[in-house]
Amino acid sequence: MTGSTSTTTTTASTTTTTTLPGVTGTLTIRRAQMKLPDGPANDRLTIRGYLALGAGSDGIDPPHEGFGLVLTGVRFDLPATGFTGIPGRWRYRDPSGAGSNPDGITYVSLRVRRDGTFKLSIKGRNAELSTFDGTTGRNIQVRVEIGNDDAAQNLPFRRSGRDLRYP
Ligand SMILES: [Ca+2]
Ligand SMILES: [Ca+2]
């Protein structure tokens, strides 16, 4: 008898995950303020500036990618579904502040300018920013993340009463 040969074919499955590398852009804050009254979850935040995406960026799309704001370790995530508008003119408006995680971000506006950079405005209310309470100035990094694009700037805030201001 002829021996039968059993051939086992092993098919290696290859999973290819295409993740575009992150691109770091440039954040230029013009003005920032934190109002920090005594007590928890009662703080206000205002940030205004400009965002330039990094070279090689594939653009941003907040209505699909959401938005992250990090203030030296204090992170707020905004849901993509909270953004409205047309490409290049997006707005997140939530007077309750309950839509962000954690609560506290009430408004974000991103508008493209002629030079391709974005004008950025962020407002918060009843946020928990007690970690920045104190009597002296603080260096705080402001970082924004939209999909695979991010940008950060270290800001020397000065103390005004309980509040922090830049410049
Ligand atoms: Ca407070
Ligand atoms: Ca992108």
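Mentor: Start with glutamine 33. Glutamine 33 counts as partly exposed because it has 16 C-beta neighbours inside 10 Å. The scale runs like this: a residue is buried if 20 or more other C-beta atoms lie within 10 Å of its own, exposed if 12 or fewer, and partly exposed in between, with C-beta atoms placed from the backbone.

Before we go on, a word on the model. This is a predicted model, where local features need pLDDT of at least 70 and side-chain atom pairs count only at pLDDT 80 or more, while totals for chains, interfaces and linings use all residues. Residues are numbered from 1 along each chain as its sequence is written, and chains are lettered from A and ligands numbered from 1 in the order in which they are written.

Now place the residue. Glutamine 33 sits in strand β2, which covers residues 26–35. Strands here are DSSP runs of E, at least two residues long, and helices are runs of H or I of at least four, all numbered from the N terminus.

Which residues does glutamine 33 touch, leaving out those up to four places away in sequence? They are Thr46, Asp163 and Arg165. Touching means contact: the two C-beta atoms, placed from the backbone, lie within 7 Å. Phenylalanine 157 is 124 residues from glutamine 33 in sequence, yet their C-alpha atoms are 8.3 Å apart.

Follow Asp163 and Arg165. Both belong to the alternating pattern of β12.

Next, the pairing. Strands β2 and β12 run antiparallel and are joined by three bridges. Two strands pair if DSSP finds at least two bridges between them. Alanine 32 has tyrosine 166 in β12 as its bridge partner.

β12 has another antiparallel link: three bridges join it to strand β11, residues 149–160. There, arginine 158 stands opposite arginine 165 in β12. β11 and β12 form a hairpin with two residues between the strands, and glycine 161 takes a positive phi near 65 degrees in that hairpin.

Step past the end of β12 (163–166) and you reach proline 167. The bond between tyrosine 166 and proline 167 is a cis peptide bond, with omega about 0 degrees. Proline 102 lies in the loop between β7 (89–93) and β8 (105–112).

Go back to β2 and look at what follows. The loop between β2 and β3 (43–52) holds alanine 41. Its phi is near 50 degrees, a positive value in a residue other than glycine. Alanine 41 is partly exposed because it has 13 C-beta neighbours inside 10 Å.

Strands β4 (residues 67–71) and β5 (residues 74–78) run antiparallel, with five bridges. Two residues lie between them, and threonine 72 in the turn has a positive phi of about 40 degrees. Valine 70 lies in β4, and its bridge partner in β5 is arginine 75. Valine 70 is partly exposed, because 16 C-beta neighbours fall inside 10 Å. Beyond four places in sequence, valine 70 touches Arg75 and Arg143.

Finally, step back to the whole chain. It has one helix and 12 strands, in the order β-β-β-α-β-β-β-β-β-β-β-β-β. Buried residues make up 26% of its 167 residues. Among contacts with a separation of 6 or more, 55% join residues 24 or more positions apart.

How many residues does the largest nonpolar core have? It has 34, and those with the most contacts inside it are Leu69, Val108, Ile122 and Val142. Such a core is a set of buried Ala, Val, Leu, Ile, Met, Phe, Trp, Tyr and Cys residues joined through C-beta atoms within 7 Å. Valine 108 touches Phe67, Leu78, Tyr92, Ser121 and Ile122, again leaving out residues up to four places away in sequence.
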